[in-house]
Amino acid sequence: MKRSLIVGYGAICYVVFLAAFLYAIGFVGNLVVPRAVDNGIAASMAEAVAVNVVLLAAFALQHSVMARPGFKRRWTRLIPPAIERSTYVLLSSLLLFLLFWQWRTLPAIVWNVSWPPGKVALQALFWLGWVIVLASTFMINHFDLFGLRQFFLAWREKSYSELEFRATMLYRLVRHPLMLGFIVAFWAAPTMSAGHLLFAAMTTTYILVVLPIEEHDLSRALGEEYQQYRTRVPMLIPGVRLRKLRKQRSRLDAGAQPT
C-alpha cells in the first residue's frame with residue numbers, strides 16, 4: 001500500500017509539472033492560454049509591480065531553499081526520501097500556477113520589432129529556448145530531475161543512488177544549458193511589454209544569483225571532477241572560457257618574448 005501511494009503521488013506530481021511547463025510556454029509567449037504575461041489581471045502600475053515581484057520572489061525562494069542539501073536533510077526526516085524530489089516539483093509547479101493566475105498586466109511597450117525577418121528570428125529563438133530547456137533535462141536525467149526515478153526505485157524496493165556525473169552534448173558547451181534555454185525563451189520577444197520585461201529581468205537575475213550557490217553545492221558533492229569541469233566549460237555563454245584561455249596564453253607568450 002505504501003509503495004502504491006508513493007507511485008501514485010509521484011505520478012500526480014509529474015503530471016502537474018507537465019501542465020505547468022506547457023502553460024509556461026503559453027504564458028511567456030502569449031499563446032492560447034487564458035492568462036498570459038501580457039494578458040493578466042488589470043491593475044494600477046504600483047499594484048502590478050508589487051504583486052508580480054512578490055509572486056516571482058515566492059517562486060524563487062521556494063525553488064532555492066528546497067534545493068539546498070541542508071534543507072533536504074532536514075526535510076527527509078519528515079517525509080519519505082522517495083517523494084522528496086516529487087514534493088519539490090509539485091510545490092514549484094503550484095507556485096507557478098499561482099503566478100499565472102494572479103499575474104498583473106503591465107501593458108506599456110518597451111520595444112516592438114515589426115521588421116518581418118527580425119520578428120521571425122525572435123520567434124524562432126523563443127521556440128529554440130524551450131527546446132534547449134526540455135532537451136537539457138534529458139541530457140542529464142529527466143526522470144531523476146523530476147522525481148520519477150526516485151519513486152520507481154521505491155516501488156522496486158531499491159535504495160536510491162546518486163547518478164554519476166557526466167558532461168554530455170550541450171553540457172560540453174556550457175555548464176547550465178537548461179538555464180540558458182530559459183533566458184533565451186524569456187527575452188526572445190518581438191513585442192516586449194513592461195510586464196514581460198519585469199518577468200524576464202527578475203527571472204534572469206534569479207538565475208545569475210542562484211547559479212554560483214548551486215555550483216558551490218555541486219563542487220562540494222562532486223569534488224575535483226566538477227572543479228575541473230568548471231575550468232574547461234563556461235557557465236552560460238559558449239566559447240567564453242576558450243576565449244579567456246587564449247587571451248591568457250597570448251599574454252604569457254607576449255611576456256616571454258625577448259626585449
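Helices here are DSSP runs of H or I with at least four residues, numbered from the N terminus. Two more conventions before you click: axes are lines fitted to C-alpha atoms, for helices over the stretch in contact, and angles run from 0 to 180 degrees between N-to-C directions.

What you have open is a predicted model, where local features need pLDDT of at least 70, side-chain atom pairs count only at pLDDT 80 or more, and totals for chains, interfaces and linings use all residues. Residues are numbered from 1 along each chain as its sequence is written, and side-chain values use heavy atoms, with hydrogens and water left out.

**Stop one: helices 2 and 4**

Select residues 45-65 (helix 2) and 84-102 (helix 4): their axes lie 10 Å apart, at an angle of about 175°. Helix 2 and helix 4 are therefore roughly antiparallel (angles over 145 degrees count that way). Now show side chains in contact, meaning heavy atoms within 4.5 Å. On helix 2 you'll find Val51, Leu55 and Phe59 among them, and helix 4 brings residues including Tyr88, Leu95 and Leu99. This contact has 11 nonpolar residues, five polar and no charged. (Ala, Val, Leu, Ile, Met, Phe, Trp, Tyr, Cys and Pro count as nonpolar, Asp, Glu, Lys and Arg as charged, and the others, Gly among them, as polar.)

**Stop two: helices 9 and 10**

Move on to 194-222 (helix 9) and 224-232 (helix 10), whose axes come within 6 Å and cross at roughly 135°. Residues to pick here include Glu215 and Leu222 of helix 9, plus Tyr226 and Arg230 of helix 10. By class, this contact has three nonpolar, two polar and four charged residues.

**Stop four: Trp130**

Is Trp130 buried or exposed? Trp130 is buried, at 4% relative accessibility (buried means under 20% relative accessible area, exposed over 50%, with a 1.4 Å probe and protein chains only). Leaving aside neighbours within four places in sequence, Trp130 is in contact with residues including Phe21, Val28 and Phe182. Trp130 sits in helix 5 and Phe182 in helix 8, 52 residues apart.

Technical notes:
Helix = DSSP H or I, 4+ residues; strand = E, 2+ residues; numbered from the N terminus. Parallel < 35°, antiparallel > 145°, perpendicular 65-115°, else oblique.
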